[in-house]
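This report describes selected features of one protein model.

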Amino acid sequence: MSLRYSTDKLSLFVKTESQRLGFYACGIAPAHRVDAEEAALLDKWISCGGNASMDYMARNVDKRLNPSLLMPGVKSIVSVAMNYAPKEKISADEYQFAVYAYGRDYHDLMRERLRQLEQSITDFLERTKTNGASSLDNDVNDEITTRSFCDTAPVLERYWAVKAGLGWIGRNHQLIIPGRGSMFFLGEVFVSVEMDYDKPMKSRCGTCRACLDACPTQAITEGRAGLDARRCLSYQTIENRNDIPSDIASKMGNVVYGCDRCQQACPWNRFALPTEEEHLRPSEDFLQMKQSDWESLNVEDYRRLFKGSAVKRAKYEGLMRNIRLAADCKGSEEMK
């Protein structure tokens, strides 16, 4: 396929189309090899065991560092963010689930929208075949290729979001978008043509340590490699299939799936607006569950409540383990 296209028009179209598809933010970065500083941080984190039992994080490191190994010929990386901040929340005195898991599994939703964005990019370029060229137009003689990702391949999602100018990585190791906070799902579209590129922004966390101080298990420490999954309640309540260590379990409080404490403490999340994405909103049945309901949850109700939900990653047995430990924490607090 031979075509002429204008990089600025293509980039503007992609950002406009991403907004139409429900993404809050969109930026574009050149698909270079990951810089040496980031590569060293990843190596340090893995070498120190920060990935716990998530062995997949230590595999395919070469692909994480070189996007062309995931898609030969990639020239641009489109990074998008979808807001999941909830309008309605579980009552604070009930068992708590990370808000990202309130609604439909984000993997399914994001993959669906990213594929639509891929198709839109291809369609746009197809329409430019016969357009006249300006001095800014690029010639492309090879077939256009795209590939999208959302937490399903060895892609450094937050790194590319920063390179694409969406925000910065805060001390809580989340991407923070200025004026909106960190409650966003990230995704990428790799594209085999040049585009106009956005500039990274510097961190605006300043001297704030709210997230570090809020972490009940001290899983977060200073530095970009300072996240120890072995101490993180999100890892322990979702990924860990074995017993949760007693020193970690004693800090669970009423958390039973994931943990949002570092995000709740972040001042930037004061500006978060509730998502308008219907698929990410919790069901009434879910919101109405009480502690006693969770403690007596059977397999059938678990499947009904979490059909198509990310919570199923912890499996029924894992969720009930977490609920029993949270109940123990509640009992210990009441005895004090």
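## Packing of α1 against α4

In this predicted model, helix α1, formed by residues 7-20, packs with helix α4, formed by residues 106-127. Two packed helices are described by the angle between their axes and the distance between the axes. The axes of α1 and α4 come within 10 Å and cross at roughly 145°. The crossing of α1 with α4 is right-handed.

On the α1 side, the contact is made by K9, L10, F13, V14, E17 and S18. Their counterparts in α4 are L117, S120, I121, F124, L125 and R127. Sorted by class, the residues of this contact comprise seven nonpolar, two polar and three charged.

Rolling a probe the size of a water molecule over the atoms shows where empty space is left. The model contains one cavity of 30 Å³ or more, and the space in the largest cavity amounts to about 30 Å³.

The lining of the largest cavity includes V34, K63, R64, P67 and L70. P154, V155, L156, W160 and F190 are also among its lining residues. By class, this lining has eight nonpolar residues, two charged residues and no polar residues.

## Cysteines

A disulfide is a covalent bond between the sulfur atoms of two cysteines. The structure has zero disulfides. C48 takes part in none, and the nearest cysteine sulfur to its own, that of C232, is 16 Å away.

## Backbone geometry

Most residues other than glycine have a negative phi, and most peptide bonds are trans. A52 is not a glycine, yet its phi is positive, at about 55°. A52 is located in the loop between α2 (36-47) and α3 (61-65).

K315, likewise a residue other than glycine, has a positive phi near 65°. In contrast to the loop position of A52, K315 lies in helix α13, which spans residues 315-335.

Note on methods:
Residues numbered from 1 in each chain as written. Predicted model: local features only at pLDDT ≥ 70, side-chain atom pairs only at ≥ 80, totals over all residues. Heavy atoms only, no water. Disulfide = S-S within 2.5 Å. Axes fitted to C-alpha atoms, helices over the stretch in contact; angles between N-to-C directions. Helix = DSSP H or I, 4+ residues; strand = E, 2+ residues; numbered from the N terminus. Left-handed = near helix turned anticlockwise from the far one by under 90°. Contact = heavy atoms within 4.5 Å. Nonpolar A, V, L, I, M, F, W, Y, C, P; charged D, E, K, R; others polar. 1 Å grid on protein atoms, 1.4 Å probe; cavity = no way out; pocket = protein on both sides within 12 Å on 5 of 7 lines; lining within 4 Å. Points joined across faces, edges and corners; volume = space filled by probe spheres on them.
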